[in-house]
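Please walk me through this model in a viewer, one selection at a time. I would like to know what to select at each stop and what is there.

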Amino acid sequence: MKVKILTHTPDPEMTIAAAAKLCYSAVGVDEICEKMTPESCEKFINMLMSLGHESPVEHVTFTFAIEGVSRSLLAQITRHRIASYSVQSQRYVGKENFEYIIPPEIEAVPEAKEVFIKAMEQDRETYRLLDEILTRKHTEAMIAEGMDEKKAASAGAKKAHEDARYVLSNACDTKIVMTMNVRSLYNFFSLRCCNRAQWEIRALAREMLKQCKAVSPILFAKAGPACIKGGCSEGAMTCGKAAEVRKELLI
């Protein structure tokens with residue numbers, strides 16, 4: 001898994017503080033910013049967070065480049081609807097040599113890993129065969145309709161990908177660019193950094209949180225699952241490891 005913050009709103013704390021102060025100020029943003037020091041900005045942001053006043057943090061966004069994750073993870077992450085996603089297309093990108101993600105529980109058992117890898121190799125071969133058959137069919141049809149042979153071959157291959165992809169496994173790798181505002185990130189981290197979240201998206205969320213904290217330790221000081229700020233929200237389903245989670249994430 002590879003995760004990188006591509007870009008984010010410049011000076012996120014000042015942006016949020018200026019937006020929040022404007023709601024209660026008779027003066028404009030320029031004057032608000034002129035009077036604000038780093039110390040007063042931090043104090044104000046901490047006060048906002050303690051009050052749970054989160055609407056101003058929507059003015060700040062983070063954009064992440066994510067690689068080496070599965071289509072299974074993609075199905076989970078796109079449930080977070082207040083976000084923007086760009087995803088590698090299986091319609092236009094051939095996946096005959098696709099990489100795949102091996103779940104740790106399978107990786108830990110040699111017999112299971114062997115079966116899994118064999119299935120992935122078979123999946124690759126099935127995809128290649130279908131893609132070849134469909135490419136030939138579409139190319140021949142397009143040439144018969146008068147299309148130039150070179151253009152027909154290219155168009156036929158792209159059209160073949162559309163249907164050959166149906167045999168691809170949930171383990172097939174993908175690449176994502178995702179943008180979220182800070183309020184959406186708070187929600188994402190509260191759900192996906194939890195020990196009860198599925199292992200792959202939990203690993204992604206915790207790496208994203210680590211990088212967000214490096215950019216803005218003030219904004220993300222208490223971000224994470226419910227047990228970071230108080231009691232576990234999972235009730236009888238709790239992992240019972242709140243202390244360990246706090247130790248890992250409160251850095």
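Select α8 and α10 (242-249): each supplies at least two residues of the lining of the second largest pocket. The model on screen is a predicted one. The volume of this second largest pocket is about 220 Å³. To find its centre, show S190, C194, P225, S233 and E234, which are the closest to it of the 18 lining residues. Colour the lining by residue class and it splits into 10 nonpolar, five polar and three charged residues.

By class, the lining of the largest pocket consists of nine nonpolar, six polar and four charged residues.

The axes of α8 and α9 are 9 Å apart, and the two helices pack at an angle of about 135°. This angle makes α8 oblique to α9. The crossing of the pair is left-handed. Show side chains on the α8 face first: L185, F188, F189 and R192 are the residues that meet α9. Across from them in α9 are I201, R202, A205, M208, L209 and C212. The contact between α8 and α9 holds eight nonpolar residues, no polar ones and two charged ones.

Next, return to α3 (residues 38-51) and select helix α1 (residues 12-22) alongside it. Their axes come within 10 Å and cross at roughly 65°. Are α1 and α3 roughly parallel or roughly perpendicular to each other? Angles of 65 to 115 degrees count as roughly perpendicular, and α1 and α3 are therefore roughly perpendicular to each other. Their crossing is left-handed. On the α1 side, display E13, M14, I16, A17, A20 and K21; on the α3 side, display C41, F44, I45 and L48. Sorted by class, the residues of this contact are eight nonpolar, no polar and two charged.

For the last stop, select helix α6 (residues 110-144) and helix α7 (residues 149-164). The axes of α6 and α7 come within 7 Å, crossing at roughly 135°. The two helices are therefore oblique to each other. Here α6 passes α7 in a right-handed crossing. Work along α6 and show Y127, L130, D131, L134, T135, H138, T139, M142 and I143, which make the contact from that helix. Then turn to α7, where the partners are E149, A152, A153, A155, G156, A157, K159, A160, H161, D163 and A164. Colour this contact by class as well: 11 of its residues are nonpolar, five are polar and four are charged.

Technical notes:
Residues are numbered from 1 along each chain as its sequence is written. This is a predicted model: local features need pLDDT of at least 70, side-chain atom pairs count only at pLDDT 80 or more; totals for chains, interfaces and linings use all residues. Side-chain values use heavy atoms; hydrogens and water are left out. Axes are lines fitted to C-alpha atoms, for helices over the stretch in contact, and angles run from 0 to 180 degrees between N-to-C directions. Helices (H or I, at least four residues) and strands (E, at least two) are DSSP runs, numbered from the N terminus. Angles under 35 degrees count as roughly parallel, over 145 as roughly antiparallel, 65 to 115 as roughly perpendicular and the rest as oblique. A crossing is left-handed if the near helix is turned anticlockwise from the far one by less than a right angle, and right-handed if clockwise. Contact means heavy atoms within 4.5 Å. Ala, Val, Leu, Ile, Met, Phe, Trp, Tyr, Cys and Pro count as nonpolar, Asp, Glu, Lys and Arg as charged, and the others, Gly among them, as polar. On a 1 Å grid over the protein atoms alone, a cavity is a set of points where a 1.4 Å probe fits but cannot get out, and a pocket is an open set with protein on both sides within 12 Å along at least five of seven lines; lining residues have an atom within 4 Å of a point. Grid points are joined across faces, edges and corners, and a volume is the space filled by probe spheres set on the points.
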